Amino acid sequence: MKSNKIRLEPSSISIESILVGTADMLRFMAEEKDVTIHMRLPESVPYIYADEHRVTQIVTNMLHNALKFTPAGNITIEVSSDASHLYFKVIDTGIGMDAKTQARIFIPYEKGEDSISESEGIGLGLSISRQLAELHGGSLTAESVFGEGSVFTLSLPLDADRTELYKVKTMSLIESAASEQLSEPHIQAFSGYRILAIDDDPVNLMVLKQALEADGYQISTTASATEFVHQLDTYRWDLLIIDVMMPEISGFRLTKRIRSRYSLTELPVLLLTARSQPEDVYAGFQAGANEYVTKPVDMLELKMRIKSLLELKSSIEVRLSMEAAWLQAQIHPHFLFNTLNTIGALSAIDNDRMLRLLQEFGNYLQASFNGKNLSSRIPIEKEMDLVRSYLYIQKERFGERLQVNWEIDHEIQFSIPPLTLQPLVENAVLHGLQPKEDGGTILIHLFRKGNNAFIQIKDNGIGIPSAKQRLLHPSDGHRNSIGLINTHSRLQKLNGCGLILCSEEGVGTTIQISIPLGEQTEDQQP
């Protein structure tokens with residue numbers, strides 16, 4: 001700046017996406033503080049003629065400065081305009097400044113005497129931000145009352161000619177893609193894997209679509225957040241590519257919304273953005289992104305990162321399918337023999353009970369060996385049907401020694417990893433109730449609390465000694481309770497939370513599963 005070497009690259013831009021992205025980035029930083037960020041934008045925000053990168057620097061500095069000196073309270077963002085300029089205000093309820101401090105804050109290397117700590121910079125941010133604003137033909141001013149808060153106002157010239165928005169903005173991405181086409185080696189893609197991408201710039205989407213379709217990917221693109229969510233709910237996707245700077249909703253917030261429904265391994269997210277500051281990257285990963293790629297895009301790097309994410313997702317799905325198939329094979333021969341013996345015995349005394357048992361036995365076998373059990377999720381009703389058939393069979397065997405109670409909220413609809421409940425119920429029957437001479441009762445309880453569905457499997461059996469309750473943890477190396485270990489591991493991978501076990505020796509055992517409800521839908525194919 002002192003050497004007059006700053007060269008602006010102005011273009012017609014909308015400040016709305018800059019504000020939304022920056023505010024959401026700072027919201028993640030504000031989570032540890034009692035600070036609420038509000039945004040007041042007019043229905044139509046006029047275009048400005050400015051250097052997008054430099055405007056982002058100014059806006060980020062203004063908002064970060066407000067957050068830094070607001071221990072608790074509110075930060076409000078306001079946008080207005082007149083015939084020639086757009087005005088961006090940051091209003092905080094922080095510590096404020098006295099008149100002496102206000103006179104010095106735009107002087108290089110100056111800091112207010114009421115700075116929160118000496119480690120928060122050397123007083124260059126506001127000085128540079130003001131100079132950048134003035135280089136644009138605008139201004140940066142401050143008003144403050146000590147102890148009550150501050151108001152910083154940035155003014156920038158409007159775009160009088162309304163230059164086409166996307167012309168300069170996407171040039172770096174287009175040039176990058178074009179140059180890569182000359183020397184880029186072929187990358188073998190996962191043919192048939194489906195990618196959904198969102199960017200408010202249609203040219204970016206066009207370049208992305210052409211580049212990835214050439215490698216065999218099926219890619220759908222949209223510039224609308226509403227359409228993105230609709231497609232997300234309608235089809236099954238293997239990877240999402242999300243632009244951070246969008247006017248409707250920032251990529252940070254959209255990613256966080258996705259993470260409330262899908263785990264990191266279930267649906268990878270790659271953020272694509274021109275924002276490359278450490279705090280931006282931190283906010284992206286905190287929101288739940290798997291990868292973070294900055295513009296201008298190196299297309300070869302982007303393709304390699306996409307390939308790595310899909311390979312990881314594929315390997316996890318294969319492992320889960322193998323575990324599900326392996327779990328299917330764990331139907332013990334003695335269970336089959338005992339069931340067949342019970343059917344034979346009933347044939348001599350009660351044909352109706354025999355036929356019902358045969359029907360439930362068939363349902364049990366069909367559900368246990370269903371090919372859909374190799375999927376990542378199935379509707380809860382399907383899993384409950386398997387449990388009902390299993391318990392019916394066992395009740396026919398054990399008679400009055402086994403009592404079953406159901407408390408099910410049938411209004412709750414969600415999906416669950418297959419073969420999740422049946423191994424837990426089997427464990428309760430065989431290891432909790434069967435050893436008791438007089439048997440006992442098992443309760444299957446499904447209820448909703450907040451945004452989660454809870455499933456509890458309770459028995460009043462012999463319980464688990466505290467020394468053996470570590471069997472739930474795969475890392476302990478135990479193999480005596482494979483159903484628990486497998487279910488716990490699969491739930492952790494898909495939902496981020498495993499089983500919760502509570503047991504008291506001689507009293508019984510309760511195992512609880514929590515499933516985030518969000519807006520789950522069954523996988524659908526186009």
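I began with Leu402 and looked up its contacts: leaving aside neighbours within four places in sequence, Leu402 is in contact with Leu391, Gln394, Lys395, Leu433, Gly440 and Ile442. I note here that the model I am reading is a predicted one.

I then looked for the place of Leu402 and found it in strand E14, which covers residues 402-408. Is Leu402 buried or exposed? Its relative accessibility is 2%, and because buried means under 20%, Leu402 counts as buried. I also checked one distance, and the C-alpha atoms of Leu402 and Thr441 are separated by 5.9 Å, although these residues lie 39 places apart along the chain.

Next I turned to the nonpolar cores, where the largest has 62 residues, and Phe88, Leu240, Ile242 and Ile258 are those with the most contacts inside it. Apart from this core lies another, of 42 residues, and I wrote down Ile343, Ile408, Leu433 and Leu446 as being among them. Going back to Ile242, I listed what it touches beyond four places in sequence, including Ile198, Phe228, Gly251, Leu254 and Val269.

My last entry concerns strand E18, residues 500-504, which has a covered face with Leu501 and Ser503 and an uncovered face with Ile500, Cys502 and Glu504. Which strand is joined to E18, and by how many bridges? I found that five bridges join E18 to E19, residues 508-516, and that the two strands run antiparallel. The bridge partner of Ser503 in E19 is Thr509. In this hairpin three residues stand between the strands, and Gly506 takes a positive phi near 85 degrees.

Conventions. Residues are numbered from 1 along each chain as its sequence is written. This is a predicted model: local features need pLDDT of at least 70, side-chain atom pairs count only at pLDDT 80 or more; totals for chains, interfaces and linings use all residues. Side-chain values use heavy atoms; hydrogens and water are left out. Buried means under 20% relative accessible area, exposed over 50%, partly exposed in between (1.4 Å probe, protein chains only). Helices (H or I, at least four residues) and strands (E, at least two) are DSSP runs, numbered from the N terminus. Two strands pair if DSSP finds at least two bridges between them. A nonpolar core is a set of buried Ala, Val, Leu, Ile, Met, Phe, Trp, Tyr and Cys residues joined through side-chain atoms within 4.5 Å. Contact means heavy atoms within 4.5 Å.
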